[in-house]
Amino acid sequence: MAITQDEARKVAHLARIAVDDADLPALAQELNGILHFMEQLNEVDVDGIEPMTGVEPMRLKRREDVVTDGEQQDLVLKNAPDAREGFFAVPKVVE
Amino acid sequence: MSDLNKLTIAEARDALAKGETTSVELTEACITAIDASGALNAFVHNTPEKARGMAAAADARIKAGNAQPMTGIPVGVKDLFCVKDVPSQSASRILEGFLPQYESTVTQNLWDQGAVMLGKLNQDEFGMGSSTENSTYGATVSPWKLEDGVARTSGGSSGGSAAAVAADLCLGATATDTGGSIRQPAAFTGTVGLRPTYGRVSRWGVIAYASSLDQAGPITKTVRDAAIMLGAMASVDPKDSTSAERPVPDYEAALTGDIRGKKIGIPREYRIDGLSDEIDALWSKTAEMLRDAGAEVVDISLPHAKYALPAYYVIAPAEASSNLARYDGVRYGRRAKLGAGDGVVEMYERTRAEGFGPEVKRRIMVGTYVLSAGFYDAYYNRARKVRALIKRDFDQAYASGIDAILAPTTPSAAFALGSADSSNPVEMYLNDVFTVTLNLAGLPGISVPVGLNGQGLPLGMQLIGRPWDEGGLLNLAQALETAAGFTAKPPRWW
């Protein structure tokens, strides 16, 4: 299958990356090259094979359900491009 | 003692223990070397004052008789390890100005042992690349420059780590390996690069690329140094849910020099078109060396090997698209300048368009596509099934009694900077053909320098070990290192 310019625009939007319309043909072409490379995987018989989720069967670690960390508002906000009154500040989200 | 920066970790440790030198002297030698290494562009954030303080503390600790193997040893840190209050950008513009408020477990382990932090090392942005050209800091230049004067790559993504160790700017460096990013740069620079078993080293505080593949390890001058440094980096870490509950053994003690009776597999599927004749010849020669040292060399089959690369380039971008969603201009890093009336979506889209480099954007979008409705099964799930088959190939090889697998690390020696065709990203991906398989299977692997090609550039061979058997793998690697007797160093031009 081939990616059209419209689909490239859609993928860029899903990824929240602004792409100029003028750059869409090149992007579509690059993505197609990569997807074509991936299509080799269609040669493999994967019937009855479970998708691999981890390299070692490992039980997820558990710990006591207690507070172990916190009270670090200053540190959490320290790297924010815009923090005000103890919150992260962003442009208006709701009209 | 002169040229202290040229010592191996083991030599420096022994000299420190005997009082023949001090960590302050070692550290000054490295700082002097780093200050004169601007042309390599390996160190990108230097921390000399921090280093001097840590060195003085290490000397006091040695004097008090509390030294551990890495106490007083000056090291470099790949940019993507979070170090408290030191820029940690993963070579991305989007993390410009970011100062971590916590410490990665790997670096904390090193500092707890008394290692000395010299600064941060260049890499491909978020680990995505094979040449350290995809970096907001600009490319790293390999110290291996021949009479032709061509600027070559030190590999990637850990190209800064490999160049710094090869040029004696530090005694060892941390690195990470998602698809070959420790082993390929090591092979290109005549250094040793060890990628441990997935789960051996904590990923806490390591800026993520693809979480099911990422694993940190050392780049060093010798196999013994890799054993020492891995011992300091590895730990069982409650902060990383994929950190294995396995005690860290004494890797240096595993270096017995005796590999008699070990069984080495040669995978026939790795004899690909495009493999240079020199590397093919070196492969046979190194197999012979291991045989001479008492190992048994047998042919094995890894039937799904050729599908590792396409499977990797589905799975890694898929995980990256999810991991890198966090860079939104809200909580840390760089936010794009907004116009009046711009909303939150414009902020996300512009911040990410400006902050990420072209290869990172490409992989995020590929990942977004293969995970999107309608394509998830066709690409992502199929790739994960192929991954299961690739792992089964290895499981079967090891079940048949193989101790390790010998293969080239790369299909060719280091290439010139700027030689990649930017309109054909797949070409660059082919660099990883021998390295990605073990990432998919979670296995440990080590690249050992074994010779120079006709031009005079270093070549590496890779040993792939059984899961959790880094000790046995290091012992085999040291036998290969001893037999190959690689001692070449790049003549200094920088």
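**Exercise 1. Describe the order of strands in the sheet of chain B and the way they pair.**

Step 1. The sheet of chain B is open and holds 11 strands, in the order 1-3-2-4-6-5-10-11-9-7-8, with mixed pairing. Strands here are DSSP runs of E with at least two residues, helices are runs of H or I with at least four residues, and both are numbered from the N terminus. Two strands pair if DSSP finds at least two bridges between them.

Step 2. The edges are strand 1 (43–46) and strand 8 (296–300) of chain B; each has a single partner strand, so one side of each lacks a neighbour in the sheet.

Step 3. On average, neighbouring strands of this sheet are turned by 30° against each other, direction ignored.

Step 4. As one pair, strand 5 (192–195) and strand 6 (216–220) of chain B run antiparallel over two bridges. Val192(B) faces Thr220(B) of strand 6.

The model is predicted: local features need pLDDT of at least 70, side-chain atom pairs count only at pLDDT 80 or more, and totals for chains, interfaces and linings use all residues. Residues are numbered from 1 along each chain as its sequence is written, while chains are lettered from A and ligands numbered from 1 in the order in which they are written.

**Exercise 2. State which strands helix 7 of chain B lies across, and whether its residues are buried.**

Step 1. Helix 7 (223–233) of chain B lies across strand 4 (172–176), strand 5, strand 6 and strand 10 (445–452), at about 150° to strand 6. Axes are lines fitted to C-alpha atoms, for helices over the stretch in contact, and angles run from 0 to 180 degrees between N-to-C directions.

Step 2. Helix 15 (470–484) of chain B also packs on the sheet, where it touches strand 9 (404–408), strand 10 and strand 11 (458–465); its direction makes about 0° with that of strand 10. Contact means C-beta atoms, placed from the backbone, within 7 Å.

Step 3. In helix 7 of chain B, 11 of the 11 residues are buried, so the helix is largely enclosed by the rest of the structure. Among them are Arg224(B) and Asp225(B). A residue is buried if 20 or more other C-beta atoms lie within 10 Å of its own, exposed if 12 or fewer, and partly exposed in between, with C-beta atoms placed from the backbone.

**Exercise 3. Characterise chain B as a whole and its division into domains.**

Step 1. Chain B has 15 helices and 11 strands. Its radius of gyration is 21 Å, close to the 23 Å of the globule rule for 494 residues, so chain B is as compact as a globular protein of that length. The radius is taken over C-alpha atoms, and the rule is 2.2 Å times the number of residues to the power 0.38.

Step 2. Buried residues are 61% of the 494 in chain B.

Step 3. Domain 1 of chain B covers 4–261 + 403–484 and domain 2 covers 307–376; the bounds come from an automatic or database domain assignment. Their centres, over C-alpha atoms, are 27 Å apart. Domain 1 gives 29 residues to the contact and domain 2 gives 22. Helix 14 of chain B supplies the largest share of the domain 1 side, four residues.

Note on methods: Two residues are in contact if their C-beta atoms, placed from the backbone, lie within 7 Å.
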